[in-house]
Amino acid sequence: MSEWLVLVLAMLAACVVVILITLVRHRTAAEDEDPSETPDVIEYMTMWIGVVYAIVLGLAIAGVWEARVGAQDHVQAEAQALHEISERVRIYPPEERDRVRADVNAYVGHVVTTEWKTMVDHGHVTPRGDQLLEKIRADVTDYQPKSDFEAQAYQPLVDQVAAADQARSARADSTGATMPGVVWFGLLSGAAITVGMVFVLQIRRTRRELILAGLFSALIAFLLFLIWDFDAPYSRGVAAATQPFLDLFPHLTG
């Protein structure tokens, strides 16, 4: 069964149960019952709708912000691992050292020019990037150390290749939107209900009430935009950037 069908059925069931209970209670109520002794239902419901929606908005903003920070951390970890490979390989023979550094530079150059644009436009990494990283792995793992000093550096270099591969996989997994469609449905419908409750309370046309209603609606719209902007960590306004690569490999920007 589709999750959307389950959601619709659950919402309809909740509405039906509440309506049935209300009708049954109304028919079985005593004739001398005074409804004026109970709190105003409209104000009570409005208050709780606002509270619940504020909690949902806060959780959504925290979730997308955490995803955005995590995406930037993946980029930083990948750039740092590649930088460590490029620096630690200096103890290898010149031919081997230059080959590894050239392959690292080729990979980083591909990421910051071609692959990043593919991530922004299409939401995935490129096969060419996988090939270039695999070439770095082959350079490091296939080399046979010729001294104890090189042997001591071999395993840390292999570990850094694994760290770069892991960071790349995490970056690839976080390229798309982080908020499921069902969550967006709840956010948008909750916004419509929350703003709509303003009209249920019979807002008057005084300047103060109109300003407050406008500011409240604008605040809801701003928070929804903020969630949308953070939802795709690599492709919208406040997005994770290639700056860690450019900081650690400044010669590639020259």
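These legends walk through close-ups of helix packing and salt bridges in a predicted model. Residues are numbered from 1 along each chain as its sequence is written, and side-chain values use heavy atoms, with hydrogens and water left out. Local features need pLDDT of at least 70, side-chain atom pairs count only at pLDDT 80 or more, and totals for chains, interfaces and linings use all residues.

**View 1. Helices α4 and α5 pack against each other.** Here α4 (residues 127-141) meets α5 (residues 148-173) at about 165°, axes 9 Å apart (axes are lines fitted to C-alpha atoms over the stretch in contact, and angles run from 0 to 180 degrees between N-to-C directions; helices are DSSP runs of H or I, at least four residues). That makes the two roughly antiparallel (angles over 145 degrees). Residues in contact (heavy atoms within 4.5 Å) include L133 and I136 of α4 and L157 and V161 of α5.

**View 2. R137 pairs with D165 across the two helices.** This salt bridge (a side-chain nitrogen of Lys or Arg within 4 Å of a carboxyl oxygen of Asp or Glu) has its closest N and O atoms 2.5 Å apart. R137 sits in α4 and D165 in α5, 28 residues apart. R137 also forms a salt bridge with E134, at 3.6 Å; those two are about one helical turn apart in α4.

**View 3. R99 and D139 form a salt bridge.** Their N to O distance is 3.7 Å. R99 lies in α3 (residues 94-122) and D139 in α4, so the pair ties together parts 40 residues apart in sequence. D139 is buried at 10% relative accessibility, while R99 is partly exposed at 32% (buried means under 20% relative accessible area, exposed over 50%, partly exposed in between, with a 1.4 Å probe and protein chains only).

Note on methods:
Parallel < 35°, antiparallel > 145°, perpendicular 65-115°, else oblique.
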